Amino acid sequence: MSADLPELDPVIHAQARLRVVSALSTLREADRIAFPRLQDILRMTAGNLSVHLRKLEDAGYVEVTKTHQGRTPTTLVRLTGRGRVAFEDYTAALHALLNGTANLQEEL
Amino acid sequence: MDARDDELPPADPAESLRLIARERATTARRLTPDPRLLLWPWGLAWLIGFGVFFLRFGPDERVYVDMPDYLPLTVLLGLITLAGITTGFVGARASRQVSGPSSRQGAMYGFTWSVAFIGMAVLFSRISDLLPVPDANLLWAGAMVALTGALHMAGGALWNDRVLYVLGLSISVVNVVGVIIGPGWHALIVAVFGGGGMLVAGLISWLRMPR
């Protein structure tokens with residue numbers, strides 16, 4: 001029963017980053033969420049979230065912008081088009097895996 | 001969860017899908033402004049404001065509760081202003097969290113309300129003195145409710161929100177019925193069905209939020 005698993009995107013296939021990408025995927029295409037808000041929703045420490053955002057940024061999946069809202073500096077995060085596609089592919093692969101396993105069990 | 005666990009993949013595909021669904025629901029819930037905060041202040045303002053209106057300017061110019069004739073409008077406008085400040089505050093908080101097309105859309109929609117009501121108020125304050133008091137009251141109240149109904153319908157169309165759309169439609173229908181029945185009754189009908197409708201719509205939208 002060691003059927004080869006379809007390749008799952010290693011960037012997203014880690015619990016913390018999957019949570020980040022899932023949360024970001026609910027935003028509309030060009031919307032950006034404030035870093036502290038994202039941190040609050042995900043209940044991650046700022047340092048931890050930064051580390052994962054950096055990895056996602058390196059893969060071109062998220063875009064981190066530093067800007068000002070009035071006088072307060074803000075960091076905004078957005079899922080890029082590429083990130084969105086990667087997330088959809090990842091989800092599709094999961095469904096394929098799940099159906100594959102179900103079919104295998106039916107055959108057994 | 002420490003950084004080491006973070007790098008671990010979810011146990012299996014089903015677990016991954018559950019995690020995705022959970023995270024998306026949480027995020028949607030946390031980023032959507034509480035519909036009760038958006039609708040209940042207005043519902044209460046209408047219920048109380050138009051209720052006071054009815055008590056002072058009843059059908060056939062009956063006065064159920066004696067009070068100065070400027071008081072009902074003052075109470076109504078005061079409560080509506082409070083409701084406007086509350087929704088403005090909720091909207092501004094939401095736009096500080098997420099910026100981009102969504103928050104621009106919200107800001108434009110909010111601004112539309114102000115512009116529409118100011119336009120109406122400027123026009124009516126010039127002509128309502130020419131009408132007998134009951135008719136002037138009906139003109140103000142009827143137009144205000146018609147505008148609110150139409151703007152809620154537009155909001156429903158904008159966000160593909162059926163509850164908001166049905167609320168706007170109900171308010172519009174209730175308004176027409178009230179206007180046809182006449183001054184006095186209009187205030188009562190709008191207080192109960194319009195104000196009550198907003199309280200109910202706020203509750204339904206809240207119950208329907210992802211949990």
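In this predicted model, the contact between the chains takes 26 residues from chain A and 25 residues from chain B, two residues being in contact if their C-beta atoms, placed from the backbone, lie within 7 Å. On the side of chain A that touches chain B, two or more residues each come from helix 1, strand 1 (32–34), helix 2 (35–42) and helix 4 (81–107) of chain A, where helices (H or I, at least four residues) and strands (E, at least two) are DSSP runs numbered from the N terminus. Helix 1 of chain A gives the most to this side, with seven residues.

The axes of helix 1 (residues 15–25) of chain A and helix 2 (residues 13–31) of chain B come within 8 Å and cross at roughly 45°, which makes helix 1 of chain A oblique to helix 2 of chain B. Axes are lines fitted to C-alpha atoms, for helices over the stretch in contact, with angles running from 0 to 180 degrees between N-to-C directions; angles under 35 degrees count as roughly parallel, over 145 as roughly antiparallel, 65 to 115 as roughly perpendicular and the rest as oblique. To this contact helix 1 of chain A brings A:L18, A:R19, A:S22, A:A23 and A:S25, and helix 2 of chain B brings B:S16, B:L19, B:I20, B:E23, B:R24 and B:T27.

Strand 1 of chain A and strand 1 (residues 98–99) of chain B run antiparallel and are joined by two bridges, a pairing requiring at least two bridges found by DSSP. A:R32 stands opposite B:S99 in strand 1 of chain B.

Residues are numbered from 1 along each chain as its sequence is written, and chains are lettered from A, with ligands numbered from 1, in the order in which they are written. Local features need pLDDT of at least 70 and side-chain atom pairs count only at pLDDT 80 or more, whereas totals for chains, interfaces and linings use all residues.
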